Protein chains: 2
Amino acid sequence: MTELEQYINSYFGISKEDLGKITNLFKQEVLQKEDFFAREGEYCNKLSFVKSGYLRVYAFKEGKDITQWISGPGYFLTDLQSLVFDQQARWNIQCLSDCELYTISKENYRQIGKHVEKWDHLEKLFLAKCFLTLEDRVFSFLSMTAEERYDHLYVQNKELFNIIPLHNLASMLGMTPETLSRIRKKKVS
Amino acid sequence: MTELEQYINSYFGISKEDLGKITNLFKQEVLQKEDFFAREGEYCNKLSFVKSGYLRVYAFKEGKDITQWISGPGYFLTDLQSLVFDQQARWNIQCLSDCELYTISKENYRQIGKHVEKWDHLEKLFLAKCFLTLEDRVFSFLSMTAEERYDHLYVQNKELFNIIPLHNLASMLGMTPETLSRIRKKKVS
DNA sequence: CACTTGTCTTGACATAGATCAAGAAGTGAA
DNA sequence: TTCACTTCTTGATCTATGTCAAGACAAGTG
């Protein structure tokens, strides 16, 4: 089984037959560092699973580049507004490193439901999970200090701090690079 | 048509027949000010549509009461983790005023898919929309000041500021009541 | 009615975190 | 190697926002 099959299987728990039907629709795709997976205002007509590498989801606000999220191995990746509602993408998604993806086109993605009985239901559960994750994230901004948000991310994803430029992590955590640097310094001592 | 039918129809755009099948499963429910719709740690086995009144979604963090969201007429209301994943509720949901709801039990909610062909698909779209809304909200914390967040909410939901205790709105916006009060003062002058 | 309780505002002050500016260290290209 | 560029850190300073404390109202209750 590829990582994709393992992941989909572990997450959605479906039959080997259905699993094949789905994963066959994904094609391997390779992107280089700096390449764009999606661009704000254009259309993102694909859904990908990250096999390796990291991608940064961001948008500009008054000229400033704000990182919304960083996606790495084991994550699904798309601009949801484009994929689901056929509208312009809200996000720039760009590779922070060379990346290997398993990618399905929007057209094929929309066919899955016709091949696999319970797909819409499973996808609904998946989206519900994503919603809960974002709810937590909102709550973190309502209830935590910059340092607490740092701790939270550090405990969960230590490895990011060795791989991802720190100013991107700072942005994603809602603080400046200087603040992140000072928090890190404090942790060492 | 009841508000519920109008809403579901406008949002999901389904046949009059299916519409009836669904809305028949909802029962009217009346709650009084201060009543709890859901409690953190318990199980919330229902999904409701708010006909009238306002409810506050909140949780405690280190003894402090943090408002995550306020739900009013035209919103659906539930603790998603309970409804979808049969786990303990993450949120307290309490009436800020007397409320009229249309409520469906979890059991009946789960039957909808069996009665209405495309239900899972429609619900998926609905959840995707919710996800996009939360994404915006996260972005607002990454990119906006307290005052900008206030402006944003004020433009979209002026009426809340006459109905909802301001300290709850402040909490939901991620600021203290004092800060909200000062921002408001500034706006008058 | 008086009394309690909750809401909202205001002022004085404290502080987390932002901004600005500079420099150190690493990386890649020529 | 040197130069340009990026990342990260550090110090000095500024400011938005938080904290604490008090008072003004308004609303509800016995």
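**View 1. The contact between chain A and chain B.** The contact draws 39 residues from chain A and 39 residues from chain B, where contact means heavy atoms within 4.5 Å. About 3700 Å² is buried between chain A and chain B, and carbon and sulfur atoms give 71% of it; buried area is the accessible area (1.4 Å probe) that two parts lose on being put together, summed over both. K124(A), F139(A) and L142(A) supply 18% of the area that chain A buries against chain B, more than any other three residues. This is a predicted model, in which local features need pLDDT of at least 70 and side-chain atom pairs count only at pLDDT 80 or more, while totals for chains, interfaces and linings use all residues. Residues are numbered from 1 along each chain as its sequence is written, chains are lettered from A and ligands numbered from 1 in the order in which they are written, and side-chain values use heavy atoms, with hydrogens and water left out.

**View 2. Helices α1(A) and α5(A).** Helices (H or I, at least four residues) and strands (E, at least two) are DSSP runs, numbered from the N terminus. Helix α1(A) packs against helix α5 (residues 119-143) of chain A at about 85 degrees, with the axes 11 Å apart. The axes are lines fitted to C-alpha atoms, for helices over the stretch in contact, and angles run from 0 to 180 degrees between N-to-C directions. α1(A) is therefore roughly perpendicular to α5(A) (under 35 degrees counts as roughly parallel, over 145 as roughly antiparallel, 65 to 115 as roughly perpendicular and the rest as oblique). From α1(A), Y7(A), Y11(A) and F12(A) meet residues of α5(A) including W119(A) and K129(A).

**View 3. Helices α1(A) and α2(A).** The axes of α1 (residues 3-12) and α2 (residues 16-23) of chain A come within 10 Å and cross at roughly 130 degrees. The two helices are therefore oblique to each other. L4(A), E5(A), I8(A) and N9(A) of α1(A) meet L19(A), I22(A) and T23(A) of α2(A).

**View 4. The sheet of chain B.** Four strands form an open, antiparallel sheet in the order β1-β8-β3-β6; two strands pair if DSSP finds at least two bridges between them. The edge strands, β1 (27-31) and β6 (76-77) of chain B, each pair on one side only. Two bridges join β3 (residues 46-52) of chain B to β6(B), and F76(B) in β6(B) is the bridge partner of F49(B). Helix α1 (residues 3-12) of chain B lies across β3, β6 and β8 (99-105) of chain B, at about 110 degrees to β3(B).
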